[in-house]
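This report covers the domains, the interface and the salt bridges of one model. The sequence and structure come first.

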Amino acid sequence: MERASLPFDPEACQFRVGLEVHQQLAAGRKLFCPCPITKSDELPLAFERRLRPTQSELGQIDPAAVFEFNKGRVNLYRWNPESACLVEADEEPPHPPSTEAVETAMLMADVLGSRVVDEVHFMRKLVIDGSNTSGFQRTAIVGLGGSLRVGGAKVGVLTVTVEEDSARVLKEGAQAREYALDRLGVPLVEIALDHVAGVPEHVEAVALSLGRALRSTGRVARGQGTIRQDLNVSLLGGQVVEVKGVQKLGLVAKVVRYEATRQMGLVKIAEEVKKRGVEEVESRAADATDVLRGTASPVLRRIIQGGGVVTCVAFPRFAGLLGLEPFPGVRLGKELAEIARTNGLGGVIHSDEFAKQGLTEDEGVALRALAGSDSGAALVLVAGDASRVVTVAALVAERVKRAPLGVVGETRAATDEGETRYLRPRPGAARMYPETDIPEIVVTDAMKARVGGLLPVRWEEKVASYSREYSLSEEAALQLYDSGDSGLFEELVSRLRLEPSVVAAMLVEIPVRLSREGVDESRITPEALGATLAAVDSGRFAKEAAVDVLRAIGRGEARDVDEAVERLGLKGMGDEELEEAIAGVVSRNRELIAEKGDRAFSVLMGEVMKVARGKVDGKKVSSLLREAMKE
Amino acid sequence: MPGLLGYRGPAERLLREAEASVGDVLEVQTGGEKVTGTLVPRYEHDDDRHIVIKLKSGYNVGISVERVSKVVRLAEGEEPKFVAPKRATGGGLPRVSVLGTGGTIASRVDYRTGAVSPATTAEELYSLFPELADVASITPEIVMSVYSENLEPVHWGELAKKVAEAVAGGQAGVLITMGTDTMGYAAAALSFALKGVPIPVFIVGSQRSSDRPSSDAFLNLIGAASMAAGAGFSGVYVVMHADSSDERLAVHRGTRVRKDHTSARDAFESVGVEPVAFWSREGIAVNAREAPPPRGRAEGFEARPRFDPRAALVKFYPSMPAGYLEAVLGSGVRGVVFEGTGLGHINAKSVEAVARFVAAGGVVCMTSQCIWGRVDMNVYDTGRDLLKAGVVPLEDMLPETALAKLMWALANSPSAEEARRLMAEDLAGETTPRTVQRR
């Protein structure tokens, strides 16, 4: 393994990663209502909600919950009756859960050797970032324990749960977020794995194996974003950081590497803090708006002129520590800026970067005087709208106070670039309570037997059988399996005369190519793929034109293969027409053939293909042309 | 939480043998496996063959008693101690009385067991709804603990007396928290019992219980409290969400309001009139067309809190047998409100029974199951026959309001004749003279 990819030895540093994989199910309906699972392009209806933390029996409120409430956030939900009803709008209690979804979770538990519980209890897991209209996610444990085979090793399975997917984020602003309700309530199965040594490539391999095991049930949704991985990352036995929403499998290793570096960087910064003998971090906040009214810093000037305020928070004996960069890009100052951004401000300015931000030395002196601090202190300026600044200044002080801890347990989001950014504090354990609107499900022997009868062939065997039966290379067989279209493959191979390797290649390559071009992959349905390949099979157009046909369908320019053929002018070429074209080219090039013999072939082929491209298979053209050239 | 809440039969026996109580940490052994977690209560209606354990992760799982080989009690559960966070107490602000009837508008969740318990003191209310301290000085009182569907006329009477006490005690306004099912009936009943009340009385509830982050209780309570403290009008009203958003509350006249949706936040609607006001964080917008009465003086106000429950609401339906109606009329009731069809009809074969009941001193009134519009019993023969039989047509009065009014009228009239006269008279805005275009 590539230990070199980490700036430390993962084993010596007890670097651990626990995977949680969320897999959308290919189900006929949502988990708690009969709404169909479909993405709505138009969202004509809307409503606005504010979520509030609820208080536990002990008078305590979940820290993550308070955090969201402090942000005073308004959530705007947009929806379309075609893809959501009053259940998603939190205007009607949930209906009984989809039996299909619960049984699929049981099936996945079986696949992973997980013990199905005797009674399934749905819980409310508080999530008040607005991603669920109710303020909680409904979730239930279906299986406990089990293991996943990864290569020769085994990774423990902790739980198999069935739960509802969150609303789709449309827009993320400081004070308001917009969500679409079409995805809310789509059934997901979550598999939580025991932690593994944090070797990035190994973690990615585990995620890949788990995805394949789930796919073996034949009940997973296809397409991007239908499988998401969360990572629980920790090192040196420190606090656990939850990284949410890695959308692509190929990013897992990168995210692990980023988070490893960030965490180790924070540990090194903590060591520096301790070296200075700081055990308890003090802080002092003062309003610095007046001091900075004539400031040279363009950012601050703009904020103050716009009616904003500036709070200066001083941390004695911290000078130099906010800008300290043990690894590239890892700084305490950056952590503070992320907290500010999550809370509706543009960032913070700290004393290690005053000059860079255009603050003069005199201003630095004035600020220190204001805060009653000497040059050994670090200053953090929090600037912006008055309603935000006080909260953010308090959060910043809170974060710096925890610097001696090194890594602080928190929830972060994975970015598309494979980095992580601060989202919110980690929710406490006390964030789950029973969903009283849904009766528990007693798992009967009949249910177990029914699910047991659905147990699929293991994915490794399936892939091996593809190589064996259809003479696919091992890689091609794996790619086919991972494409999610292997069922379609089996069906097409059984009824078409096309070579299995050709069918496999088309099913794997065309969707990937179109997706890269930005074509809406939800339109490249199994039906569209099947119809296109059948048309190639019957000679309506050449296999080279299949991608054009599917592109036209994917872009909405054609409703089906017939329309695409019409639109692209792909009227196939009859044998007679082709032979005529070949004869014409051959007779026009008699001299060239005489002169170059077989070496003239590629020139002639090019000429024939000018008229035959997309209409006739290239192979057929070449064999006919070779014959014609011999004559 | 002591004992084995909700456990019966084999499950209870198993737990008793292990000397386990709800809240204890248990290790449940099943064959070769173990599950460790907190024992949580079981719901009354669930079977007696499973025990429910809350895992460390927070999830509950049910374990079949038949599979359990041993239960080991690892630790005793700690009784949760509630410590209300310190809050300002709304000192110096207008005083508002909050009367609780048992709806869960203000409650806390015990995450350990999932139990929900109501807030009963001012401190708890302030800690649940910190904004309350900014709008009013609250005096909460749990008057009763009854589900909305179990509320009876005697409870309406008790509430009316409590409101009268609040008026005499100089409260600026009163909030009554209540389950929403029969809120429309209660609002109508209090409108008659508290006719002329000089302060605003707001009945509030929630369609999503307050143990959820998305509850509508928060906005309903804060908005109603701020109006109870500061609104310039008086009377009895229902205050609930105006639409699906947490933005605007509608103030519905107590005699014209109906629950028109089983579950949505904006279930309550003003029928045949407009809401008298809307509240939002920006302020109160009073609807001048509905002209709610201004606040008055406490002196001289007297509640008339008595109700006679011997009245029935009968919804006529096609093929209703004469025997059905006779059974109702013979059940000891003193009066009946019909929800007739269309302009106010029941089938011809029932007319004679009605006539006999009226002749014997019964009070019979007619409303329409159409909800919108007004009865008119002069248009068709059956209507004229019913009028002749002594039925009192109630214009555009809502059927539920008519029932509450009849119970009140029967208790506050010396004779059937007087009760009929009261029914026909507009006392608290329960009928309107003009039928406006339906929105």
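Glu326(B) sits in helix H7 of chain B, residues 322-329; helices (H or I, at least four residues) and strands (E, at least two) are DSSP runs, numbered from the N terminus. This is a predicted model, in which local features need pLDDT of at least 70 and side-chain atom pairs count only at pLDDT 80 or more, while totals for chains, interfaces and linings use all residues. Residues are numbered from 1 along each chain as its sequence is written, chains are lettered from A and ligands numbered from 1 in the order in which they are written, and side-chain values use heavy atoms, with hydrogens and water left out.

With a relative accessible area of 38%, Glu326(B) is partly exposed; the classes are buried under 20%, exposed over 50% and partly exposed in between (1.4 Å probe, protein chains only). Not counting residues up to four places away in sequence, Glu326(B) touches Ala353(B) and Arg356(B), where contact means heavy atoms within 4.5 Å. Ala250(B) is 76 residues from Glu326(B) in sequence, and the C-alpha to C-alpha separation is 41 Å.

## Domains

The domain bounds come from an automatic or database domain assignment. Chain B has domain 1 (9-75), domain 2 (95-286) and domain 3 (311-424), and the C-alpha centres of domain 1 and domain 3 of chain B are 57 Å apart. Chain A is divided into domain 1 (3-273 + 430-434), domain 2 (278-406), domain 3 (459-568) and domain 4 (575-630). Between the C-alpha centres of domain 1 and domain 4 of chain A the distance is 58 Å.

## Interface of chains A and B

In the interface, 52 residues of chain B contact 48 residues of chain A. The two chains bury about 4,300 Å² between them, 49% of it on carbon and sulfur atoms; this is the accessible area (1.4 Å probe) that two parts lose on being put together, summed over both.

There are 7 salt bridges between chain B and chain A, each a side-chain nitrogen of Lys or Arg within 4 Å of a carboxyl oxygen of Asp or Glu. On the side of chain B that touches chain A, strands S2 (33-39), S3 (50-54), S4 (60-64) and S7 (107-109) and helix H2 (122-128) each supply at least two residues. S4(B) gives the largest share, 5 residues.

## Salt bridges

Over all chains, the search finds 75 salt bridges. Four of them are listed below.

| Glu119(A) | Arg42(B) | 2.7 Å |

Glu178(A) is buried, at a relative accessible area of 14%, whereas Arg78(A) is partly exposed at 28%.

Asp482(A) is partly exposed at 26% relative accessibility, and Arg215(A) is partly exposed at 22%. Salt bridges that share partners also join Arg124(A), Arg138(A), Glu164(A), Glu435(A), Asp437(A), Asp211(B) and Arg212(B) into one network.
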